[in-house]
Amino acid sequence: MSPDVRPRFPERRLAVGLLGCGQIARTAHLPAYAAYGVPVVAACDRPEVAGALGGVLPAGATAYDDLDAFLADPRVEVVDIATGPAGRVDLIARCLDAGKHVLAQKPVVASLDDLAALEEVVARGAERGLRVAVNQNGRWAPAWRLTTLLVRSGAVGEVVGVTHLHDKPLPPIAGTPFDEIDHMLLADYLVHWFDITRCWLTGSRVDTVAAFDSRVPGQPDAARNPWHATVHVGTAGGASASIRVVGDARARRGGCPFWVHGTRGTIRGSILLGSDRVELEVDGTTTSYALEGQWFVDGFAGTMGELQCAVAEGREPENSVADVAGSVRLGAAALAAVRAGTPVRGLDLDLAGAVAGAVA
């Protein structure tokens, strides 16, 4: 029987207040909550944005242009922070001080210093029973979610290698704020790929990360950031991972294929652009799985659902800050490697979410 990859919610959905109402909030967060019956009771943004939310928010939801007033709304039980990572630690602290649980957009922080500060803030909130989760919505993309559950079940044995290939066009980058982020593919776009790779290598200790990026033929001069990036991860136990973005791939039927090779079997799959699939090969027998849902918007429902289930069940969410910290540190190592132009070695990076050595 195929594992259930659908988002899960408690019987009573907690009411959500949306902090930040940009494009991703409008096209993914709000549709996901509408599809899964999650009440959105308030939203907060700059005055020029908040004033135009009347036709965007559900009936009865209040649009605020003042953060204090938004946080004082007693109906809001969970704040969904859909802003960029700048100032994220302070925003989460203010939400927790107001007694709200928090779902924070990825990347959850912009630096390892911010991560250390955030971990302290989250610990103080936990003392009051408040939960903080990270919107690593790719974890609940059906193909990746099924693969995670298969890996956890031991279906492929001990993981030997994880491989990702980006065989699809890049989203529009040139002329957008994302193009102003140094090494944008590594610093922002590949956050999902770092995170899911960490999930599949859980239990390993990373000792080497190599990364490089480059411009590609045909890349317009106006595009500031390189369109190619390659990352290699080596572990103390011999397992490895690779992530490769070839550039703005001209692929009419593209996707993002991936492989998880283990001591017992192999998972082959793909996500995005209708390429979603997963098959498991063990002992010469191949099983193909039917997938229900899509990354957009089911993945966004999955992150919120896991947070709400964790609150109802009195536990830490699977996408907690402590868990995602390992992914943040893996991404930071890749960024350090590309900036230094040489692999980062001797990391002793525990992919369960803790690190024994600092990233240069």
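Predicted model: local features only at pLDDT ≥ 70, side-chain atom pairs only at ≥ 80, totals over all residues.
## Strand pairing around β7

Strand β7 (residues 159-166) is joined to two other strands, β10 and β11. With β10 (residues 240-245) the strand runs parallel, and six bridges link the two. His166 of this pairing stands opposite Val245 in β10.

With β11 (residues 256-262) the arrangement is antiparallel, and five bridges are found. Here His164 has Phe258 in β11 as its bridge partner.

## Nonpolar cores

The largest nonpolar core contains 87 residues. Trp144, Leu186, Leu190, Trp200, Val231 and Ile267 have the most contacts inside it. Helix α10 (residues 321-340) supplies the largest share of this core, seven residues.

Leu186 illustrates the contacts of the largest core. Leaving aside residues up to four places away in sequence, Leu186 touches Phe194, Ala211, Asp213, Ala229, Val231, Ala334, Leu335 and Val338. One of these, Val231, is itself listed with the most contacts inside the core.

## Gly299 in helix α9

Gly299 lies in helix α9 (residues 295-313). The relative accessible area of Gly299 is 0%; buried means under 20%, so this residue counts as buried.

Trp140 is 159 residues away from Gly299 in sequence, yet the C-alpha atoms of the two are 4.4 Å apart. Apart from residues up to four places away in sequence, Gly299 touches Asn137, Trp140, Ala141 and Gln294.

## Aromatic pairs

Ten aromatic pairs are present in the structure. In one of them, Trp144 and Trp295, the ring centres are 5.3 Å apart and the planes lie at 45 degrees, so the pair is tilted. Trp144 is in helix α6 (residues 142-152) and Trp295 in helix α9, so that the pair links parts of the chain 151 residues apart. Both Trp144 and Trp295 are buried.

Trp295 also pairs with Phe296, again in a tilted arrangement, with 5.9 Å between centres and 40 degrees between planes. The relative accessible area of Trp295 is 5%, which makes this residue buried. Phe296, at 46% relative accessibility, counts as partly exposed, because the exposed class begins over 50%.

Two of its members, Trp144 and Trp200, are among the residues with the most contacts inside the largest nonpolar core.

How values were computed
Residues numbered from 1 in each chain as written. Heavy atoms only, no water. Pairing = 2+ DSSP bridges. Helix = DSSP H or I, 4+ residues; strand = E, 2+ residues; numbered from the N terminus. Core = buried A, V, L, I, M, F, W, Y, C linked by side-chain atoms within 4.5 Å. Buried < 20%, exposed > 50% of the residue type's maximum accessible area, 1.4 Å probe, protein only. Contact = heavy atoms within 4.5 Å. Phe/Tyr/Trp six-rings, centres within 6.5 Å; stacked < 30°, edge-to-face > 60°.
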